[in-house]
Amino acid sequence: MTATSPPFDGIDRVGLTLLYKRVRNICDEMAFAMMRTAYSPIFSEGLDFSTLVLDRRGRLIATAGINPAMLGASLYAATWIIREVGPENFADGDIFVHNDPYRGGSHLPEHMMVAPVYSDGELAAFVGNIAHLAEIGGMAPGSFAATATDIFQEGLRIPPTKLFDRGEPVQDIWRIMLANHRTPNNSWGDLHAMVGSLRVGERRVGGLIAERGVDGLNEAFEQILDYAEAYMRSEIAGLPDGIYTGEDCMEDDGISDRSYWIRSRIIVEGDELIFDYSKSDEQAIGPINAPYVVTLSASLNGLLYVLARDVPVNAGIVRPVKVVAPAGTITCVRLPGPCVGGQTEFQPRIMELVLGQILSQILPERAAAASGNTSLNFLFGGVDPRNGEYYAHYHFEGMGWGGRATSDGNSAQIVPHANCRNTPVEIFETKWPWVHEEYSLNDDTGGAGRHRGGLGVRRVMEVEGDVITVSALSERMKRSPWGLFGGHDGSRTALEVAPEGSDAYETFQDAFGLISPSKFTNIRLRRGDRVRITSPSGGGYGDPLERDPAKVLADVELGFVSRVSAESAYGVVLDGAPDDGLVVDEAATAALRRSMRDGVA
Amino acid sequence: MAWHELNKNWHDTTVDYCDVCGNLLIARYWSFIEPDGGETRRCCDETCERLFGRLRRLEESAAES
Amino acid sequence: MSRSPNGAWRIGVDTGGTFTDLVAVGPGGEVRLQKVASTPAEPARATFDALKRSQVDPRGEVDSFIMGTTIATNALIQRRGAPTVLITTAGFEDVLYIQRIDRQGLYDLQWVKAEPYVPRDRVVGVNERILADGSVRTALTGGELDRVVDEVRRITAGDQEPAVAVSLLFSYVNPAHEQELAAALQEALGGLPVSISSEVAPIWREYERSNTTAMDAYVKPIVANFAGDLLRELDALEMGGWHGLLRSNGGHVAIPDAPAKPVEIVLSGLAAGMIAGAHFARAVDSAKAVTLDMGGTSADVGVIVDGELQFSGLFEVEFGLPLALPILDVTTIGAGGGSIASIDSGGLLKVGPESAGAEPGPACYGLGGESPTVTDANVVMGRLNPGYFLGGRMNLDAERARSAIDPVADRLGLTPEDTAEAIVSVSIENMDGAMRLVTVDRGLDYREFDLVAYGGAGPLHATEIARRMGMNRVIVPPNPGLVSAYGTVIADQRVDRRITLVRRLDHGESEDLPGALSRLADETVAELRSQLRRPEVPVDVTTYVACRYLGQNYEQEIRTEFGHVDRSFELAVPIGPEAADFVARLADGYHTTHKAAYGYEMRDQPIQSVYLGATALSEAPEVLIRPYAGRGDGTAPVTRRVLAAAGQWVDALIANRDTLEVGETLDGPAVIEEADSTTWVPPGFRATVHESQCLIIARSDAEARP
Ligand SMILES: [Zn+2]
């Protein structure tokens with residue numbers, strides 16, 4: 001760190017801290033309101049949403065720390081709505097909605113709402129939120145069409161549009177939206193949860209304005225932005241100048257078998273940093289493309305995992321950072337390219353490319369090997385035989401995370417660029433006609449390493465309805481999560497199916513003759529068919545032959561690692577029978593490890 | 001090397017991108033002509049013009065070495 | 001307040017991590033207080049040590065002896081519980097490892113997921129399956145029971161005091177399989193403690209239920225031993241009266257019954273303080289109050305509505321280890337007198353959550369601590385009297401406090417005094433944030449609330465917090481540092497029960513709802529009656545139904561009146577479950593509650609019940625206390641220079657609380673000192689001594705309140 005003195009002088013730093021905490025508290029209050037009232041488990045159980053407070057120019061001042069995947073959209077989407085509409089065209093009580101990924105949205109299901117806050121007729125600030133709606137129409141139930149070739153197949157696209165006009169619902173817009181969603185009642189509940197959250201935010205920001213006045217509050221906001229910028233600059237200045245590069249790819253786009261490469265270089269110059277993706281492949285035909293904000297989000301998230309973890313997340317943090325993602329590449333989709341999977345699959349890929357492969361060259365002790373690195377989106381819909389009602393659900397899965405300098409990777413965790421929770425089996429089966437046979441950790445799969453990769457999960461469930469239409473959008477079926485510094489790769493994703501009465505599982509690809517094993521839409525399953533979802537495990541960190549044999553023994557005792565792998569991957573020979581207690585055979589282990597090292601050399 | 005209005009009809013729902021960074025252009029844009037008589041570029045602001053030059057120089061020095 | 005009915009001693013003990021406090025209230029309101037060092041290795045010893053020093057005759061007239069204990073909490077936190085076996089539905093053995101797949105911080109790559117209380121090689125899967133509607137898909141056969149019993153026998157062979165937890169899918173709808181397993185284990189392995197999830201926490205969400213059940217089994221042997229030790233000692237002392245342990249729900253349980261469901265005493269230690277907070281709120285007619293119990297390392301925040309504490313359905317021992325039981329709703333934050341001030345890498349001042357704890361403690365303790373803390377800041381500001389800390393038993397070193405703050409002052413470019421003021425301000429803002437969330441999360445507007453402040457450090461900061469948040473009055477109970485022990489003396493006897501019952505209110509399926517609610521109320525009353533220490537006392541029962549719009553995933557509890565006056569909630573469906581239009585009124589109550597909390601209602605949407613609850617309560621008799629002499633000692637008023645705000649030194653009046661009389665008022669700036677705490681009254685505020693012995697602090701210009 002080159003900065004030895006505080007980043008700036010002459011301002012009321014204590015007052016600033018207090019104000020920032022209060023604005024964060026407002027975001028948290030808005031988030032609570034949303035979580036407790038929403039209909040979709042993905043945002044009530046899963047917390048797949050963000051809440052925002054913005055200054056009168058529409059710049060992000062604070063956001064509730066819930067879903068980092070929405071960082072890019074949080075930074076830009078509201079700002080752009082406000083600029084496109086023009087601040088003078090807002091009125092007290094208005095709410096605008098939009099979900100346009102070409103205008104700052106991350107993908108169509110994520111809807112942003114923004115409302116102005118006035119003080120005696122003077123525009124003072126904005127409040128906003130972003131939430132993932134479970135069903136918004138398009139070619140497949142759950143609105144995650146892995147075989148879409150344009151945005152129009154992905155669901156209903158809404159440019160910045162007034163949803164409330166001076167406090168009154170704009171009924172025509174509501175009717176158009178609900179008429180295009182498969183589960184309109186669910187949308188009705190979720191959209192209201194978003195509105196309620198904004199109303200909570202308006203009241204609380206109103207309190208701040210009463211205390212400080214419109215100008216006073218906005219001047220203080222400006223200082224909060226300056227502070228975040230100074231914080232980022234001081235952290236970046238601590239990195240050695242240079243150009244660091246890395247690449248990874250998306251396995252396929254659901255339309256053809258070809259992979260798409262992301263080529264990234266990070267240019268560090270003084271206290272500024274450029275992410276340059278201009279050498280990446282052209283935009284894909286299928287929906288794995290990223291809108292600009294997703295690439296930006298991924299880049300910043302990767303950075304925040306290793307630098308400046310405590311920086312106030314607001315519009316100030318992007319000032320010393322530039323993201324170059326030319327339109328028409330896979331890193332910035334051009335209209336009307338599809339992009340629903342960019343947010344869930346492409347974002348974690350870039351993020352880990354940044355933090356694991358590139359920044360690990362500078363800060364190895366802060367980096368980690370690859371996680372399973374897919375959201376493993378599994379969508380389904382149909383008519384519930386128990387009540388005759390249409391349902392649809394967007395399901396995701398936890399996975400193993402990569403080993404890191406300090407410890408093994410965690411098992412069964414949500415993909416690192418999000419922070420959602422799973423849906424409990426008991427809620428799952430109460431809401432939708434499936435019966436689970438298994439939901440467990442996937443043994444003996446974590447990438448071997450001095451610090452082992454975490455384990456993925458296995459979910460087996462049987463169709464209880466007459467027909468369920470399923471779709472998937474996933475990754476890591478052809479290329480494994482990578483290990484780091486000599487750690488082994490983790491294991492891959494699998495999506496399999498067995499017909500009623502049979503235990504012979506085959507991949508969806510084989511069973512239904514699909515182009516992609518991980519991306520497909522509208523497969524009809526019948527009562528008694530079973531689905532087996534296997535999520536990937538994390539890569540290992542460091543040479544597995546350096547792993548403490550006692551840890552390998554503990555893993556074998558708990559079943560996380562098999563006795564066979566203990567020998568073949570870790571060079572650890574165990575003695576004894578499982579029931580009587582195993583011990584490490586020190587001599588045999590030393591000998592085996594020696595020969596394995598020689599074999600490698 | 002000047003600001004321009006991005007005049008779009010209200011019923012035009014398409015979008016425009018910065019030629020340098022890929023970010024969205026809204027309401028107005030900054031234009032500049034590539035050095036050595038190249039194309040006219042539309043971008044976010046002067047920062048993106050400078051960024052263009054910086055990336056170009058990096059490109060050239062990489063080619064030399 | 002009336003006297004305790006038989007004039008006998010009521011003894012309350014609060015065993016904390018550092019100190020064990022005892023409050024004994026005798027005939028005529030005589031109060032004896034004892035503070036002794038805790039003895040973590042033998043938790044019962046400090047208790048009986050304090051009892052001995054209090055010189056209350058155990059063979060004399062003792063009405064009750066009630067303890068708040070952290071024994072179960074500490075076993076969970078320090079992982080000193082029993083070797084436990086978990087039995088799950090086959091295929092779901094990893095439930096404790098998978099958890100909810102989220103993480104604590106967004107950008108922490110080094111975070112390690114919470115380790116389950118039951119390791120994986122001690123989990124047994126059972127071949128059985130019950131579905132969401134309670135129907136049996138796979139029956140539990142006799143052969144399978146035998147196999148499971150054998151497995152458990154094999155795993156526990158050689159264990160010291162093992163325990164078993166059973167948690168099967170959908171057991172909250174149909175508990176038959178869990179009950180069969182418990183019976184089989186009892187029969188074959190009699191004496192092995194077994195906890196089953198349909199009894200411990202019959203609620204949906206299998207991870208939360210399984211983890212709660214595992215925790216129950218995990219602490220069972222330790223709690224059983226502790227209860228055994230206590231009973232032996234009490235027998236040896238020949239102490240009469242009722243002997244109870246405080247539970248997390250604010251009631252208490254007879255000591256011999258505690259080991260049956262030990263997870264219910266996990267928050268025993270925290271509950272005591274909150275009960276007393278609620279008591280004093282009622283004593284000064286405060287209908288809505290936030291309690292703030294601020295000690296050395298942390299602050300506990302609770303909410304009181306209409307004189308009653310609020311309850312939460314979820315509490316986490318650490319991130320990812322939830323306890324899904326009705327528990328006093330308390331939020332603990334890392335803000336205490338020992339919280340450390342530092343400068344973050346952006347150059348801003350940060351206070352906590354790191355704490356200097358009791359050792360080495362704040363720099364001014366002179367025990368080797370060098371980091372500047374909130375207590376040091378208060379010394380530098382003149383608010384804490386270095387010569388009268390713990391009633392003069394400990395001298396604080398003002399010079400050390402100042403030199404600890406100097407480096408921070410240099411970084412900020414402020415004077416040490418203004419830096420001290422800033423440290424206290426940031427700490428107050430931290431508490432402010434927690435208090436806002438506790439209230440807003442429940443749809444409550446803190447501006448309508450009073451603040452009841454206690455613990456050693458609470459009264460020092462409370463008025464500044466209340467001012468910042470726009471709250472009403474500040475209430476400082478007598479002996480603020482001993483409030484928790486006092487809470488055990490006045491705790492009610494209470495039983496809470498909950499069952500899951502998912503019904504649509506717009507369907508015929510809700511017909512059985514009133515009947516189920518009545519039965520639940522009867523069972524809850526019967527359970528309390530079986531435990532009552534005085535069988536003749538009246539029992540109140542309150543019932544509630546948790547509802548949500550069909551499709552929502554969180555519910556709000558709607559109180560339903562049942563038989564007795566319910567004083568605890570503003571919004572009640574004013575009709576008992578026997579009434580014909582019960583369901584319709586329940587629905588109306590839900591719409592109204594939702595609108596009040598979130599600003600909108602959806603009258604066209606169907607409503608669904610999720611669970612029913614009942615609380616049976618037997619109120620503890622009132623206690624009369626006279627903790628202060630209540631008369632001036634004739635000495636002339638003293639003043640001291642105190643920093644009231646940045647750069648603003650004032651002459652504050654210094655008063656000894658023991659000399660204040662009921663009805664007396666003190667205008668700020670003033671510092672009121674007593675042995676276990678210090679109260680700061682800022683300029684513009686006035687403290688009044690209420691007849692309950694509480695100090696009430698309000699703006700000097702505020703209208704007099706009745
Ligand atoms: Zn640009």
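Me: In which sense do strand β4 and strand β5 of chain B pair, and over how many bridges?

Reply: Two strands pair if DSSP finds at least two bridges between them. Here β4 (residues 28–33) and β5 (residues 40–43) of chain B pair in the antiparallel sense over 4 bridges. Strands are DSSP runs of E, at least two residues, and helices are runs of H or I, at least four, numbered from the N terminus. This is a predicted model: local features need pLDDT of at least 70, side-chain atom pairs count only at pLDDT 80 or more, and totals for chains, interfaces and linings use all residues. Residues are numbered from 1 along each chain as its sequence is written, while chains are lettered from A and ligands numbered from 1 in the order in which they are written.

Me: What stands opposite Phe32(B)?

Reply: Arg41(B), in β5(B). The hairpin has 6 residues between the strands, and Asp36(B) takes a positive phi near 60° there.

Me: How many residues of chain A are in contact with chain C?

Reply: Contact means that C-beta atoms, placed from the backbone, lie within 7 Å. By that rule, 73 residues of chain A are in contact with 58 of chain C. On this side of chain A, α1(A) gives the most, with 14 residues.

Me: What span should helix α5 of chain A have?

Reply: The expected span is 1.5 Å times one less than the number of residues. For the 29 residues of α5(A) (184–212) that gives 42 Å, and the end C-alpha atoms are 42 Å apart, which agrees. Just after α5(A), Gly213(A) takes a positive phi of about 80°.

Notes
Contact = placed C-beta atoms within 7 Å.
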